Amino acid sequence: MTGRLRIAIFGASGYTGGELLRLLLFHPQVEVAQAISQSYAGEFVHSQHPNLRKRTQLQFTSRDALKECDVLFLAVPHGQSQKQIDHFARFAPKIIDLSADFRLRDSALYERWYGEKHAAPEWLGKFVYGLPELQREAMKTASYVSGVGCNATAANLALLPLVRADLLHPTKPVVVDLKTGSSEGGAAVNPGSHHPEKSHSVRSYAPTGHRHTAEVIQELGLHDVHLSMTAVELVRGVLATAHAFLKPGVTEKDLWRAYRAAYAGEPFVRIVKDKGGIHRMPDPKILAGSNFADVGFELDTESGRAVSLAAIDNLMKGASGSAVQAMNIMCGFEETAGLEFPGLHPI
Amino acid sequence: MTTCPECEGALTLGADVIAGEIVVCGDCGVDLEVLSITPLTLAPAPQEAEDWGE
């Protein structure tokens, strides 16, 4: 008996499941009791996550073998959690669902952006949105926490200081251009992900209408906000470049104050706006594998346009890292436990 | 303890700082020239604008 909390990961063979395993196998206060994958039941975890070879002898188990645990992570494709949430809730008092199923509180907003009715709308109000920088206090007493959209996370972290400081122009839109890595698409393949098609491409895959927009609308209270997605030559990483017009008279020092007010106390958000050094603005390259989000900004005083940037690892701060951070908060652990890897340089 | 004139970040200078010395802000990375000690006055120093060939 280790005294550690028992964790189960349902959907452990995908990329976010693999990241959860990488983080939780070395977390000081939990024990990974089960890694569930219907497709790979019976196989060693390292068959799908080769970085974990010789670090665990855990084998995937089938979904029917799910046992009671203290915290259940759901890392299944969109749409599956909402259909089985009553079933899952019988196995654990705390659930963190990484999918998009429980991110939105309003079923009408869900239907508008996902084009279908929610299968368990009565559960939407039970979940707390999974970004600690926005919902830390609510997480402390939550039993159920959602995942976060990786693109939404980058957009939200880029814009949060401007929203909290009430600096945005009241009648002008906010446009967020997002450059994304290929791992956002998950472990499943499709003709577009075939190497000759994907390699070296700069692919606009959702110039308008991306679903993560709904999370920015909900969490920041913005309504005239627009996201555009471009897949670039990265495996991990998202860079959000938000273009926002500010109220007249806002100075760059006002922006420094706003960003410090939002992030000075945040363990995983760093302001990167440097006149020296090699990386002077946020760049997802150096964040691979880390839970850090780097944010920066520049102000065009002629036009009043602020360009706010946020870089993350989509699988970490944009998914599994935030989920583990949420678990730490829910369980009263040190918020940074298991998440202190600073990334690699060079990489 | 003083503040950076560029970003208002907290700046701690050594006790032996002298006029004319260049110090760097840890927050925004700007080079600052110590114009005077009493009163302590700092101003951004000329700094190369690097575009990394872009």
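How many salt bridges does the rule find across the interface of domain 1 of chain A and domain 2 of chain A? Four, where a salt bridge is a side-chain nitrogen of Lys or Arg within 4 Å of a carboxyl oxygen of Asp or Glu.

Before you click, note that this is a predicted model: local features need pLDDT of at least 70, side-chain atom pairs count only at pLDDT 80 or more, and totals for chains, interfaces and linings use all residues. Residues are numbered from 1 along each chain as its sequence is written, chains are lettered from A and ligands numbered from 1 in the order written, and side-chain values use heavy atoms, leaving out hydrogens and water.

**Stop 1: the domains.** Color 5–148 + 317–330 as domain 1 of chain A and 150–313 as domain 2; these bounds come from an automatic or database domain assignment. Their C-alpha centres sit 25 Å apart.

**Stop 2: the contact.** Select the touching residues (heavy atoms within 4.5 Å): 24 come from domain 1 of chain A and 33 from domain 2 of chain A. The two domains bury about 2300 Å² between them, 53% of it on carbon and sulfur atoms; that is the accessible area (1.4 Å probe) lost on being put together, summed over both. On the domain 1 side, pick Trp113(A), Glu133(A) and Lys317(A), which lose the most area to domain 2 and together make up 29% of what that side buries.

**Stop 3: a salt bridge.** Show the side chains of Arg103(A) and Glu215(A): they meet in a salt bridge at 2.9 Å, N to O.
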